[in-house]
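Hi everyone, thanks for making time this morning. I'd like to walk you through one structure, so please have a look at it before I start.

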Amino acid sequence: MGKIEREAGAKAPVFDMAKISQQPTDRVAEAIDAYHEAKSDVARPHLGASILGHHCDRWIWLSFRWAVREKFPGRIRRLFRRGHKEENVITDDLRAIGLDLRHTGYDQQVVELGGHMGGSVDGIIESGVPGAETARHIVEYKTHALKSFEDLLKTCVLDSKPMHWCQMQLYMHGLGIERALYVAVCKNDDRIYTERVRYDPASAEKLLDRGRRISTAERIPDPISTNPSWWKCKFCAAHSFCHERRLTQEVNCRTCAHSTPTDDGKWGCARWKVDHVEVEHQRTGCHAHVLHPDMVPWPIKDSGDSNEAVYEIDGVDVRNGEADAFTFASQELIAGGEACASQEVGEVRRVFPGAKVKEVRDATRLPAESN
Ligand code: SF4
Ligand code: SF4
């Protein structure tokens with residue numbers, strides 16, 4: 001092989017190693033995060049046990065109605081994935097110390113809680129928990145960031161993570177098991193914290209009552225706070241819905257004024273007179289969708305037509321339902337908002353009934369017209 005010889009007196013070459021190695025690495029990281037960010041979650045059909053301990057009724061209602069969808073950056077999605085993968089590692093460790101642990105991973109036990117409520121538990125321990133070797137437990141795994149883990153060590157799962165405690169109560173209730181083992185792992189240094197939790201029937205019943213009330217509520221519950229700066233609202237995915245512009249961005253059966261969730265866990269449709277719309281159909285809805293009056297910022301008026309709603313936008317009556325020359329589809333109202341009430345849009349619509357409102361552009365940023 002050739003050898004690079006340096007002439008006598010010549011300076012040693014200087015390599016800018018940092019720049020060479022750093023730039024492609026960042027682009028790789030960006031591409032990975034973009035890949036994960038682009039993935040979309042499938043909205044869960046049921047009202048999950050994991051959410052029933054949430055502090056805000058309104059958030060539970062909005063998420064169950066698929067009216068506000070949480071969107072996560074790629075890095076956060078990768079963190080979720082890491083937490084998910086950790087479940088197998090904890091399962092292996094628990095089995096290694098002698099626990100008879102079943103129904104984990106892809107074999108998780110589904111927990112029916114009646115009506116729209118349900119969930120799936122991380123695992124069921126038949127025996128072997130130190131100190132309570134013969135008792136059955138449900139097991140719940142959670143990974144924690146350092147601050148959250150330290151807080152848990154100082155208190156207990158009920159005080160530090162009440163949503164997790166509620167989730168376990170509901171699983172115990174649904175499966176008729178009176179003990180839970182909470183297993184927390186610190187993501188920073190791999191410390192493990194475990195806590196045994198006792199079934200509390202009164203709390204479980206209260207949570208189920210809450211779930212029944214919220215899942216079948218026709219109208220939106222009150223917000224927990226009207227202060228947009230309150231920290232829990234600031235970090236909520238519904239912040240802009242509650243505190244800026246009350247307009248859903250989602251068209252599906254659950255944001256439709258024609259749908260009704262019933263006590264038996266079904267979704268009826270008054271427009272097509274069916275008792276239950278299948279979940280897969282609910283995800284896209286149909287062309288007759290009408291925006292739920294609690295998911296738009298405009299007052300509703302009497303429409304005189306049970307298939308349509310009339311919203312008063314900027315003093316103009318705007319019809320919402322199956323699109324035609326005089327009626328706007330929900331997608332158009334979401335995309336166009338107040339523009340749907342403008343005279344210009346109304347005129348175009350009457351001349352070209354098939355024209356659709358797709359978006360609103362800032363006129364000051366449009367290219368100048370050429371002569
Ligand atoms: S922003 Fe606040 S009030 Fe609105 S859903 Fe979230 S927590 Fe509730
Ligand atoms: S009218 Fe269409 S979108 Fe609305 S609930 Fe019925 S099927 Fe779903």
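Let me begin with a definition: Ala, Val, Leu, Ile, Met, Phe, Trp, Tyr, Cys and Pro count as nonpolar, Asp, Glu, Lys and Arg as charged, and the others, Gly among them, as polar. With that in hand, the shell around ligand 1 divides into eight nonpolar, two polar and two charged residues.

A word on where this comes from. This is a predicted model, in which local features need pLDDT of at least 70 and side-chain atom pairs count only at pLDDT 80 or more, while totals for chains, interfaces and linings use all residues. Residues are numbered from 1 along each chain as its sequence is written, and chains are lettered from A and ligands numbered from 1 in the order in which they are written.

Back to the ligands. I call a residue near a molecule or strand if its C-beta atom, placed from the backbone, lies within 6 Å of it. Around ligand 1 we find Cys 56, Arg 58, Trp 59, Pro 223, Ile 224, Ser 225, Lys 232, Cys 233, Cys 236, Ala 238, His 239 and Cys 242. Two or more of these residues come from each of α2 (57–64), α8 (231–234) and α9 (239–243). By helices I mean DSSP runs of H or I with at least four residues, and by strands runs of E with at least two, numbered from the N terminus.

And which residues are around ligand 2? They are Cys 253, Cys 256, His 258, Ser 259, Cys 269, Arg 271, Trp 272, Val 277, Gly 285, Cys 286, Ala 288 and His 289. That shell has seven nonpolar residues, four polar and one charged.

Now the overall layout. The protein chain is split into domain 1 (72–215) and domain 2 (247–351), with bounds from an automatic or database domain assignment. Their C-alpha centres are 40 Å apart.

Next, the sheets. For me, two strands pair if DSSP finds at least two bridges between them. One open sheet has five strands in the order β2-β5-β6-β7-β8, with mixed pairing. At its edges are β2 (100–102) and β8 (192–198), each with a single partner strand, so one side of each has no neighbour in the sheet. On average, neighbouring strands here are turned by 30° against each other, direction ignored. The axes behind such angles are lines fitted to C-alpha atoms, for helices over the stretch in contact, and angles run from 0 to 180 degrees between N-to-C directions.

Inside that sheet, β5 (residues 123–127) and β6 (residues 137–144) pair in the antiparallel sense over three bridges, and Ile 125 has His 137 in β6 as its bridge partner. Helix α3 (residues 74–96) lies across β2, β5, β6 and β7 (179–186), at about 130° to β6. Helix α4 (residues 146–154) lies across β6, β7 and β8, at about 135° to β7.

Another open sheet has three strands, ordered β1-β4-β3, again with mixed pairing. Its edge strands, β1 (47–48) and β3 (109–112), each pair on one side only. Four bridges join β3 to β4 (residues 117–121), and the two run antiparallel. Gln 109 stands opposite Val 121 in β4. Helix α6 packs on this sheet, touching β3 and β4, and its direction makes about 90° with that of β3.

What does α6 meet in α7? Contact here means C-beta atoms, placed from the backbone, within 7 Å. Cys 166, Gln 169, Leu 170 and His 173 in α6 meet Ser 203, Ala 204 and Leu 207 in α7. The residues of this contact are four nonpolar, three polar and no charged.

Last stop: β12 (residues 309–313) and β13 (residues 316–320) run antiparallel, joined by five bridges. In this hairpin, with two residues between the strands, Asp 314 takes a positive phi near 50°.

How values were computed. Contact = placed C-beta atoms within 7 Å.
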